[in-house]
Amino acid sequence: MKTSLNKNICISLSLGSTHTSLVAASYENKDLQMSHDDLPFYEKESNRIQILGAARIANNGAIKKGVVSSIDAVTASILETIDEVERQSGIEIEAVRACIAGTAAQFDNHVETCTIKGEEIRVSDLEKVSMAVRNQKPPMGFDFVHMIPSSYSVDGKHGIQNPIGMRGSTLSIMHHRVFYPQADLHNIVRSCNNAGVRVQSFAFEPLAAAEGVLTRDEKEFGCISLSIGAHLTHASVYLGNIPVYSKEYPIGSHHITKDLSIGLRTTQAEAERVKKEIGKAIETSSKDINEKIEISSIDGNAIRYVTRKEINQVIEPRVREILQTVYADLRRSRLIARTSKGIVLSGGGALLSGMTLATEEIFSLNARIGMPANIIGAIEGLKSPIWASSIGTLSPLFASVHGDNSLQQTEEISGISSFATKIWHRIKEPFASR
């Protein structure tokens, strides 16, 4: 039986607000992947990903807005997905990449510069600036989960991929850095370890969703990824093939359901059904707006009727609030004008009818629904925006903190891997009962 420690096999674990998802995959072209380990992540060829198994189960609120509310409940949900995926794939799952979210996470774009001593830039100069980046300390109480490099700059000239042999006096490189609270990371690692699996690395959900659905052109020429989850909305911006913005917002599609439940005086289950089957993010036609829709009362013992117009009058203001909250932030960051490829929507909230039209109206950019691409094998049900983050977590970008596609490097240089490994060794015996 194969194990998930095989370098050609990757397991993604996505811990969402309502569901826990697990995907087992292998890279179709192992030789190509291994031969490109020395390239930046944005220059690696996109190999097709062979899906070996996948499972998605409700976690009953074990994760609330990215924060573990019950380690036992999270552990139980992980065990359930592991058992199902192991049954499908025949793989013994020992290690995972964990896709994480949370509004307490922070990001910045850090530029590190070193002075060149000789006439030409040498390998030692690249090592010097790289070491300076790796020696950076996160804010107190936080750990780095990502330090993603861009291209180099020599004497202020940007976009240089390989500066070796060039003349210059200063060498710089920018990194997109994401910090995550140590206590929250501990709880996630502990939950995984209790389920008998080790955390190899992490994927911040705004970036994972983007990696799952954005094309190379969209990343190169500027694109916004907007993943609308149940309790959180995950936003990221790519420019020149690298992320420059990644942030969580504490509002999502569950808030639409809650508004409908209150406004229509019905249960949340009924409100969810109405949202999915009848609701629209934006009303574009007066046709059928007065059609009567049958819904159950809040106690489930009676039937009431409401119009489509009444339903959409509840939904549309909340959709606008979600989109305008992100829009205001990106406008302040002066990023919207640089995203010529528009917006790609993912997450369960993207499935609400009319969401692309509402997004285009708010942002004045083209929008599309993003589906996981470049996957083959056991993909039934995975061609959906709901799976964007889980598939995106399989990207080489998340092989380590530094975006290196090398398992050995992950073990040696990843501070967060060391942190996770310490917890793993402390509690790995005995495993939780499986």
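1. Ser364 is not a glycine, yet its phi is positive, about 55°. Ser364 is exposed, with a relative accessible area of 63% (buried is under 20%, exposed over 50%, partly exposed in between, with a 1.4 Å probe and protein chains only).

2. Before going on, please note that this is a predicted model, where local features need pLDDT of at least 70, side-chain atom pairs count only at pLDDT 80 or more, and totals for chains, interfaces and linings use all residues. Residues are numbered from 1 along each chain as its sequence is written, and side-chain values use heavy atoms, leaving out hydrogens and water.

3. Asn374 also has a positive phi, about 65°, without being a glycine. Asn374 lies in the loop between β18 and β19 (375–377) and is partly exposed, at 32% relative accessible area. For background, most residues other than glycine have a negative phi.

4. Now to the core: the largest nonpolar core has 47 residues, and Leu22, Ile78, Ile93, Val96, Ile100 and Phe202 touch the most other members. Such a core is a set of buried Ala, Val, Leu, Ile, Met, Phe, Trp, Tyr and Cys residues joined through side-chain atoms within 4.5 Å. Helix α2 gives the most to this core, with 5 residues. Apart from it lies another core of 41 residues, including Ala235 and Leu260.

Technical notes: Helices (H or I, at least four residues) and strands (E, at least two) are DSSP runs, numbered from the N terminus.
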